[in-house]
Amino acid sequence: MTFDVIPALLMKFLDFKVRPESESDQSEIERLTAKVFGPGIHVRAVQPLREGVSHEVSLSFVAEHQSQIIGSVRLTKIMWGKNETLMLGPLAVLQRYSGHSAGKALMRAAVSKASDTCLDHQCKVIILVGNPSYYELFGFKKIIPGKITLPRPTDPERILAYELREGALSEMSGPATRCLYSQSKFLNL
Ligand SMILES: CC(C)(COP(=O)(O)OP(=O)(O)OC[C@H]1O[C@@H](n2cnc3c(N)ncnc32)[C@H](O)[C@@H]1OP(=O)(O)O)[C@@H](O)C(=O)NCCC(=O)NCCS
């Protein structure tokens, strides 16, 4: 093996861990998402659903490399018609660390925690807006067009859902709106 191959191999196996988000991570995560998305985050289709609403810290995760947060995923409670629902996003990994599976690890952690936590709760679905080819890796599927209305126009091909309870999607329809209950009331954590 020549020496110039070694840095490439080290880059391939990025040493990171995924851990639950904590209250003290807030400003670092906000800087990270601002860097990854830029001002465009404010015009995203689902952004109005997050405004003035706390995300569910207990269902959100960060990826950390050498004590630096390099990725984040958050879940926020919304209403879909009359049903409490979870919305996933933003999912962000700093560009210089992308392609090392941090995004996948964050997704798996968030979906798994939501599945465990919501087992006995009314909340039966996670929705998101994103590229189907990425999110179908985690079991997300397209929502039948017309079953959900988002606050801003969105390509229906990118509106995806994951059933926390089998068959739950068949019961859901209506507009997506903000949910203003406190997170502690919601998941009773
Ligand atoms: C999307 C994102 C979170 C992925 O994180 P990551 O750590 O780079 O991804 P991973 O290493 O876990 O996965 C890499 C794989 O995902 C694919 N991928 C990455 N971003 C993708 C996207 N937007 N659409 C489809 N596939 C994507 C890569 O091609 C790669 O495929 P491969 O495994 O077949 O080679 C990251 O690239 C990012 O923050 N992008 C900018 C913000 C963004 O678009 N967030 C999602 C909003 S919907």
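Trainee: Hi! What's the average pLDDT of the protein chain?
Mentor: The chain averages a pLDDT of 90, and 88% of the residues score at least 70.

Trainee: And where is the pLDDT below 50?
Mentor: Over residues 1–7. That stretch also has zero contacts in the model beyond near neighbours in sequence. Where pLDDT is low, the predicted coordinates should not be read in detail.

Trainee: Changing topic, which residues touch the most other members in the largest nonpolar core?
Mentor: Met-87, Leu-88, Ala-110, Ala-114 and Ile-126 do, in a core of 45 residues. Elements giving two or more residues to this core include α2 (26–37), β3 (68–80), β5 (125–129) and β8 (159–163), along with β4 and α4.

Trainee: What is Met-87 in contact with, leaving aside neighbours within four places in sequence?
Mentor: Its contacts are Val-46, Leu-49, Leu-75, Thr-76, Ile-78, Ile-127 and Leu-128.

Trainee: Let's pick a residue in α4, say Val-111. Is Val-111 buried or exposed?
Mentor: Val-111 counts as buried because it has 22 C-beta neighbours inside 10 Å, and the cut-off for that is 20 or more.

Trainee: Which residues does Val-111 touch, not counting those up to four places away?
Mentor: Val-111 touches Ile-126, Phe-138 and Tyr-162.

Trainee: Now β8. Why is β8 largely enclosed by the rest of the structure?
Mentor: Because four of its five residues are buried.

Trainee: In which sense do β5 and β8 pair, and over how many bridges?
Mentor: They pair in the antiparallel sense over five bridges. Within that pairing, Leu-128 stands opposite Leu-160 in β8.

Trainee: And how many bridges join strand β6 to β8?
Mentor: Two bridges join β6 (residues 141–142) to β8, and these strands run antiparallel as well. Here Lys-142 stands opposite Leu-160, the residue that also faces Leu-128.

Conventions. Residues numbered from 1 in each chain as written. Predicted model: local features only at pLDDT ≥ 70, side-chain atom pairs only at ≥ 80, totals over all residues. pLDDT = per-residue confidence, 0-100. Contact = placed C-beta atoms within 7 Å. Core = buried A, V, L, I, M, F, W, Y, C linked by C-beta atoms within 7 Å. Buried ≥ 20, exposed ≤ 12 C-beta atoms within 10 Å, placed from the backbone. Pairing = 2+ DSSP bridges.
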